[in-house]
Amino acid sequence: MLFRSILELSATPNRAKEQQCNVLHSVTGMALKKEEMVKLPLNLHNAGQGDWKDTLIAANGKLEELQALAERELQESGRYVRPILLVRVERTGKDQTEAGKVHADHVRKFLHERLGAKEGEVAEKSSAEDQLSVHNLMDDHCPVRFILTKAALQEGWDCPFAYVLALLDQTTAGTALTQMVGRILRQPDAERFPANHAGLNECHVFVHRQNVADAVARVREGLSNEGMGDLGDLVRAAGTTSAGGNLVTVEVERRPAFRRRICLPRILARERDGWRLFDYESDLFPSVP
């Protein structure tokens, strides 16, 4: 039997490989956003230069915030979502313990003893353990809220319920970082949530002892290499970062005369038989040369 052609489908096209092939069709990152297939913006956080536990605490805080939104969404619309936190560690396996390295067992213990994780909520996916194979993560009876991994989830796996990524290692390779980020991009049901629960349309990455600006630059470069460079502006540092990359939160109060009520205009775009909030990346950018 002779094969006269080979057709390849790839979710992560490689630019160098594309130059050696005849590309029949490619889909931009902005097209994925317009079809509501990805969670954006992607927010990068730095919990400070302290212990890895500080980064995990901050990531868990964001998870709880998203869980509260998810519970309100369930009450109001009946739509179920269970935000999951992915944790990338430095070591897995019983024989891989090493002083100064963050091991999956250390993280599991901290989640249970300090952050209140319940039995069954923590699962490991690594070369040493595959505790995800017995779960359907999309099932509303599944208890998993935390997934520990090192490299097993870098490619070929994603879960729409994965919203937060905590990088407890010091990943500097742009490809590895982009692949891990890709695990949390998929939008549940390919349908965005309403404006009052817009936080469920975004995803978050918490880095440990890394400069956020550098991490943003690496993710943008990685997306560009994967053919989705048009999403670069939607990768952003959360809050304001100092020169050292630390997150600084600034609270701004309203003046007394404006505390009771503020009315703001809304710019809308027609969609099918209704209206939605105008999105300049998808509604305006494609029309600009």
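## A pocket and a parallel sheet

Sorted by class, the residues lining the second largest pocket come out as 12 nonpolar, 2 polar and 17 charged. Here nonpolar covers Ala, Val, Leu, Ile, Met, Phe, Trp, Tyr, Cys and Pro, charged covers Asp, Glu, Lys and Arg, and polar takes the others, Gly among them.

Before going on, keep in mind that this is a predicted model: local features need pLDDT of at least 70, side-chain atom pairs count only at pLDDT 80 or more, and totals for chains, interfaces and linings use all residues. Residues are numbered from 1 along each chain as its sequence is written, and side-chain values use heavy atoms, with hydrogens and water left out.

**The pocket.** E11 provides the largest share, 3 residues. Helices (H or I, at least four residues) and strands (E, at least two) are DSSP runs, numbered from the N terminus.

**The sheet.** Now for an open sheet of 7 strands, paired in parallel in the order E3-E4-E2-E5-E6-E1-E7. Strand E3 (122-125) and strand E7 (235-237) sit at the edges with a single partner strand each, so one side of each has no neighbour in the sheet. Strands of a sheet pair through backbone hydrogen bonds; two count as paired here if DSSP finds at least two bridges between them.

These are some of the parallel pairs:

| Pair | Bridges |
|---|---|
| E2 and E5 (residues 162-167) | 5 bridges |
| E2 and E4 (residues 146-149) | 4 bridges |
| E5 and E6 (residues 203-207) | 4 bridges |

**Strand E2.** Why is E2 largely enclosed by the rest of the structure? Because 5 of the 5 residues of this strand (residues 84-88) are buried, meaning under 20% relative accessible area with a 1.4 Å probe, protein chains only. Ile84, Leu86 and Arg88 are on one side, Leu85 and Val87 on the other, and both faces are covered.

Note on methods: Buried < 20%, exposed > 50% of the residue type's maximum accessible area, 1.4 Å probe, protein only.
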